[in-house]
Amino acid sequence: KSVLKTETGMSVLANCITLTPDTLTVDVTDDSVFYIHWINVISTDGEEAAKHVLRRFEWFIQRIFE
C-alpha cells in the first residue's frame with residue numbers, strides 16, 4: 001500500500017514502477033494498493049517488496065506532487 005494520496009502522485013509512481021526493469025504496474029486500487037508484475041522477485045513479504053519497489057520513489061513524488 002502506498003502512502004501517496006493524490007491521483008497524480010499515484011500515476012507518477014505507477015509510471016516510475018513500469019519504467020523500472022523487470023516490473024510492470026498492473027493495477028492501482030482506490031485505497032492506494034498497487035498490483036505489480038515483478039519478474040526478479042526479491043521477497044514475497046508485502047512490506048519488504050514495497051520497500052524495494054515503491055518506497056524508493058515515494059519520497060521524491062510526495063515532495064513534488066503532494
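Helices, taken as DSSP runs of H or I with at least four residues, and strands, taken as runs of E with at least two, are numbered here from the N terminus. With that convention, S32 is found in the loop between β1 and β2, and I will come back to that residue once the overall picture is in place.

What we have on the screen is a predicted model, in which local features need pLDDT of at least 70 and side-chain atom pairs count only at pLDDT 80 or more, while totals for chains, interfaces and linings use all residues. Residues are numbered from 1 along each chain as its sequence is written, and side-chain values use heavy atoms, with hydrogens and water left out.

Let me begin with the fold. The chain has three helices and two strands, and read along the sequence they follow the pattern α-β-β-α-α. For 66 residues, a compact globule would have a radius of gyration near 11 Å, and the chain, at 11 Å, agrees with that; the radius is taken over C-alpha atoms, and the globule rule is 2.2 Å times the number of residues to the power 0.38. The C-alpha trace spans about 30 × 20 × 20 Å along its principal axes.

Among contacts with a separation of 6 or more, 47% come from residues 24 or more positions apart, a contact being heavy atoms within 4.5 Å.

Turning to the strands, β1, residues 23-28, and β2, residues 34-38, pair in the antiparallel sense over five bridges; two strands are said to pair if DSSP finds at least two bridges between them. V28 has F34 in β2 as its bridge partner, and the two strands form a hairpin with five residues between them.

Most residues other than glycine have a negative phi. In S32, however, phi is near 70°, a positive value in a residue other than glycine, and S32 counts as buried, at 8% relative accessibility. D22, which is not a glycine either, has a positive phi of about 75°. D22 lies in the loop between α1, residues 7-19, and β1, and D22 is partly exposed, with a relative accessible area of 39%.

Conventions
Buried means under 20% relative accessible area, exposed over 50%, partly exposed in between (1.4 Å probe, protein chains only).
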